[in-house]
Amino acid sequence: MLDNSRLRIAMQKSGRLSDESKKLLAQCGIKINLQEQRLIAFAENMPIDILRVRDDDIPGLVIDGVVDIGIVGENVLEEEVLDRKAEGQNPQFKQLRRLDFGACRLSIAAPRDFDYQGPKCLQDLRVATTYPHLLKRYLAEYNVTFNTCLLNGSVEVAPRAGLADVICDLVSSGATLEANGLKEIEVIYQSKACLIQRSGELSSDKQALVDKLLTRIQGVIQARESKYIMLHAPTDALEKIVALLPGAEDPTILPLANEKNRVALHMVSTESLFWETMEKLKALGASSILVLPIEKMME
Ligand SMILES: Nc1ncnc2c1ncn2[C@@H]1O[C@H](COP(=O)(O)OP(=O)(O)OP(=O)(O)O)[C@@H](O)[C@H]1O
Ligand SMILES: O=P(O)(O)OC[C@H]1O[C@H](OP(=O)(O)OP(=O)(O)O)[C@H](O)[C@@H]1O
Ligand SMILES: [Mg+2]
């Protein structure tokens, strides 16, 4: 039996979210020894247990209070919520924050030669999908009804296999659609991974740990989105140089040992520097331009 005093976190065992979920927890300082075959892992340095499960099960585990925290795609979460509501339940959980990975969209796609003239064309068609509730909610806005062909994977094969007329599935690069002779015709939902907590009060120790993790996650995500920029600049071009740098209201300016008319400028930028900007900086006399990744941040 698991020790109930330890914080339980559910994450995907293997799939699109597992590497990033693992990396995020590791970057938050949680030391976990994840062995392929182990479905429960124990953190060595914090009172945390990790349950590694199918992503479809994560919303239910959180809503039912089996785990305290879950990392899951908003698409899967929203579908589970709609499913439970359709069954007359009132699913409860706390959405803690959106994460910076697992970006994809849920789209309707049709065979390349399908003459698409808007959602009304889909009336009474057979749609293969894993997300019947999200699709129904979207098409209901257009008063369109359809027949669902439920598939849990490889949804893209359905039209060629004669199972459905169109599909509604996740898209990111579009390569799977392309490879299966399909074209995207409607985007119905934009998704990212998110962090959710079960409803109800956690013990004060667990809540304190969740708060600490949230602060660390904030720091990790902010650091991933930021860059540390260093350059040398002629003093008389400083104003123009600062104007080119994203978010450089408050740069650190330092004297250079052997140059009177040049200074060093250091700053944290919330954006990466594009090559075009670097070229403009150089044209203004900047040199030794360095753009460095930031590992951690705390404000
Ligand atoms: N192509 C993609 N690019 C980015 N994120 C994606 C992509 N496809 C799916 N995702 C996100 O990752 C989640 C998990 O996708 P994955 O394909 O690994 O699920 P699965 O095959 O249902 O896995 P499981 O075996 O855990 O049930 C999706 O629900 C979605 O939020
Ligand atoms: O637009 P793309 O970049 O091609 O990505 C889209 C594909 O990725 C996901 O499946 P995944 O590859 O994770 O396999 P699965 O069917 O096992 O879930 C999704 O279900 C699509 O099939
Ligand atoms: Mg799944």
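Pairing here takes at least two DSSP bridges between two strands, while the elements themselves are DSSP runs numbered from the N terminus, with helices being H or I over at least four residues and strands being E over at least two. Within this pair, Gly 70 has Ile 196 of β11 as its bridge partner. Helix α3 (residues 74-86) lies across both β4 and β11, at about 105° to β4. For angles like this one, axes are lines fitted to C-alpha atoms (for helices, over the stretch in contact), and the angle between N-to-C directions can run from 0 to 180 degrees. Contact, in turn, asks that the C-beta atoms of two residues, placed from the backbone, lie within 7 Å.

A word on the model: it is predicted, with local features needing pLDDT of at least 70 and side-chain atom pairs counting only at pLDDT 80 or more, whereas totals for chains, interfaces and linings use all residues. Residues are numbered from 1 along each chain as its sequence is written, and chains are lettered from A and ligands numbered from 1 in the order in which they are written.

Zooming out from β4 and β11, both belong to an open sheet of six strands, in the order β2-β3-β1-β4-β11-β5 and with mixed pairing. At the edges stand β2 (40-42) and β5 (93-98); each has a single partner strand, so one side of each has no neighbour in the sheet. From one strand to the next, the twist averages 25°.

A second open sheet is built from four strands, ordered β13-β14-β12-β15, and its pairing is antiparallel. Its edge strands, β13 (252-255) and β15 (287-293), each pair on one side only. The twist in this sheet averages 20° from strand to strand. Four bridges link β13 to strand β14 (residues 262-269) in the antiparallel sense, with Thr 252 opposite His 266 of β14.

Then there is β9, which has partners of both kinds. Strand β6 (residues 104-111) pairs with β9 in the antiparallel sense over five bridges, and Leu 106 finds its bridge partner in Leu 170. Strand β7 (residues 126-129), by contrast, runs parallel to β9 and is joined to β9 by three bridges; here Thr 129 is partnered by Cys 168.

β9 also turns up at ligand 2. The residues surrounding this ligand include Arg 16, Gly 153, Glu 156, Asp 169, Leu 170, Val 171 and Thr 176. Both β9 (166-171) and α5 (175-179) supply at least two residues of the shell, and β9 gives the most, with three. By type, the shell splits into three nonpolar, six polar and three charged residues (nonpolar being Ala, Val, Leu, Ile, Met, Phe, Trp, Tyr, Cys and Pro, charged being Asp, Glu, Lys and Arg, and polar the others, Gly among them).

As for the protein chain as a whole, it holds eight helices and 15 strands. Its radius of gyration is 25 Å, well over the 19 Å that the globule rule gives for 299 residues, so the chain is more spread out than a compact globule. That radius is taken over C-alpha atoms, and the rule is 2.2 Å times the number of residues to the power 0.38. The C-alpha trace spans about 75 × 55 × 35 Å along its principal axes.

Notes. A residue is near a molecule or strand if its C-beta atom, placed from the backbone, lies within 6 Å of it.
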